[in-house]
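Here are some notes to read alongside the model. Please check each point against the coordinates as you go.

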Amino acid sequence: MKKMKVALIGAGSVSFALGALQDMVLSERLKTQVELEIALMDIEEENVARTYKYATDMFTAFSHPANIWQTTNLEAALQAADFVIVAIEVNRYFYWSQDFHIPRRFGSKQIYGENGGPGSMFHTLRNLGPMLEIARTMERVCPDAWFINYTNPEAKLVEAISKLTSIKVVGLCHGLDMGIEQLSQFLEMDIADIGMEGGGLNHFGFFTKIWNKKTGEDLYPLFDEKEKKANRLAQFDHVALSRTMYRTYGYYPYPGTNHVGEYISYGEDFYAGLSLQYRYDPIREKLWEKDSRTPDFVYCASGNNLDQGLFSKIQTQELWVEESYIFDKQKVCRSNEYAVPIIEAIFFDDEIELNAVNLPNHGAIKGLPDDMVVETQAIVNGRGITLKPMTVELPTALIGTIHIQGTIHKLLLEAFVEQSKTKLLQAILLDPQAPTYYQACAMIDEMCELQQDILPKLEWK
């Protein structure tokens, strides 16, 4: 029986680590056709121990013979691995709240700051060092392994690894599937009956074709009719911007307002939840000081805490994590993420098609650079992962918008390698959500001071 080693780096991640472990325990082939070893690694001993307990309880409950172990040593976890699943983030909401508030204080109109906008550039620079450390360790101890990434900013980080290391890397995100769910609601059809072609940039993609899988019928005429009749305020935070962009560019975008809106200058016109993100009282609270709390993160205006009673307990991040680690066999289900299907397809030489992966373009999307990481459909088999070329070209305006982000990717890599605030400034000034020149310079200095313990050391050059 063949051996397979999967390393989960950032095993303290609730969303992706637990989902990957559930997918592995439910895979019959990973139970009966391989000797499976799972290395759980996190820099926080408490976090990896929590995941280890959950994993061993679950695999025991399913009588799965996998060898599971935990470590805080990166090289040990990666040694001779076949697949490396990565989902890392240090003190996520503490730093994300800075990414969100500081650029806005200096005049940026960014609405989220995770993957696009000035805030995302500091997010990228924070994660580039650890991500490259993982990839370069892989070059030494498991050079043929696949690096399967869930860490954001997805496109920027995958592009960095593809350009600065020799490791095979793919980025995964379920944003396109969120878009299909929205299409199904407008069309009042089952998701399984909707075929599509779509792509672009991670969190800024467009469906260039939609059709009825049963009949082959083009569904865009029906979608156009239904969209015009739909309540114009329904699910405003999720789809108002998407509907406007559909009417503007002719193709429906994904995954939704707060992500698509990160890459354009007018997103805040359509995002009611903007004033709720990282909510705090500026009169009574000072952020990011010793013993101060991290401000509340509200994903959108329909968040769980917003329709509760006045004296109900706030659903905090800590409470969500605590509840997620309560093992219940009856609740174990497939995550619908792509990491384990990719692992099985490559290892067993199956051939599958995935709705979306992030890889260097190499001609899959016309009009974009070959070395820019883009997102579209892909074929996976024993030879690896290959993007499917899109058959419909994106409109010039959308290609232009994405091309700007590709240039920003390059400038951020140069800023990181050269340790240059000036290159970071160039990237920020190019962004549609940039503040003024003076504001941008001051913002860079303040963020570099505020995040000095985790950002690379940058200087004006």
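Contact here means heavy atoms within 4.5 Å. Helices (H or I, at least four residues) and strands (E, at least two) are DSSP runs, numbered from the N terminus. This is a predicted model, in which local features need pLDDT of at least 70 and side-chain atom pairs count only at pLDDT 80 or more, while totals for chains, interfaces and linings use all residues. Residues are numbered from 1 along each chain as its sequence is written, and side-chain values use heavy atoms, with hydrogens and water left out.

1. **Helix α10 and its cover.** Helix α10 runs over residues 236-249. Its buried residues (under 20% relative accessible area; exposed is over 50%, partly exposed in between; 1.4 Å probe, protein chains only) are Asp 237, Val 239, Ala 240, Leu 241, Ser 242, Arg 243, Thr 244, Met 245 and Tyr 246.

2. **Length of α10.** The expected span of a helix is 1.5 Å times one less than its number of residues. Gly 250 follows the helix, with a positive phi near 90°.

3. The structure holds 20 salt bridges (a side-chain nitrogen of Lys or Arg within 4 Å of a carboxyl oxygen of Asp or Glu). Glu 227 pairs with Arg 243, with the closest N and O atoms 2.8 Å apart. This pair links distant parts of the chain: Glu 227 is in α9 and Arg 243 in α10, 16 residues apart. Glu 227 also bridges to Arg 247, at 2.7 Å from N to O. Here the partners, again in α9 and α10, are 20 residues apart.

4. Which of them are buried, and which exposed? Glu 227 is buried, at 2% relative accessibility. Arg 243 is buried too, at 6%. Arg 247 is exposed, at 53%.

5. Glu 159 and Lys 163 meet at 2.8 Å, N to O. Both lie in helix α7 (residues 154-164), 4 residues apart, about one turn of the helix. An α-helix has 3.6 residues a turn, so residues three or four places apart point the same way. Glu 159 is buried, with a relative accessible area of 1%, whereas Lys 163 is partly exposed, at 32%. Asp 371 joins these two in a network of salt bridges.

6. **The annotated site.** The UniProt record (unreviewed entry) has a "binding site" at Asn 152. UniProt positions are given in the numbering used here, feature names are shortened, and annotations may be inferred rather than shown by experiment. Asn 152 sits in the loop between β5 (146-149) and α7. It is buried, at 15% relative accessibility. Setting aside residues up to four places away in sequence, its contacts include Glu 89, Asn 115, His 123, Asn 202 and His 203. Its side chain makes a polar contact of 2.8 Å with that of Glu 114. A polar contact is a pair of N or O atoms within 3.5 Å; within protein, one must be able to donate a hydrogen and the other to accept it, and residues adjacent in sequence count only if both atoms are side-chain atoms.

7. UniProt (unreviewed entry) places a "signal peptide" at residues 1-19. In the model this span is 32% helix and 42% strand. Its end C-alpha atoms lie 26 Å apart.

8. **Nonpolar cores.** A nonpolar core is a set of buried Ala, Val, Leu, Ile, Met, Phe, Trp, Tyr and Cys residues joined through side-chain atoms within 4.5 Å. The largest has 144 residues, of which Leu 8, Ile 9 and Met 24 touch the most other members. Helix α6 (residues 118-141) gives the most to this core, with 10 residues. A second, separate core of 8 residues includes Tyr 93, Trp 96, Ile 111 and Leu 274. Among the residues that Met 24 touches are Val 6, Leu 30, Phe 59 and Val 340.

9. **An exposed loop residue.** Ile 326 lies in the loop between α12 (317-324) and α13 (339-348). Ile 326 is exposed, at 58% relative accessibility. Its C-alpha atom is 7.7 Å from that of Tyr 54, 272 residues apart along the chain.
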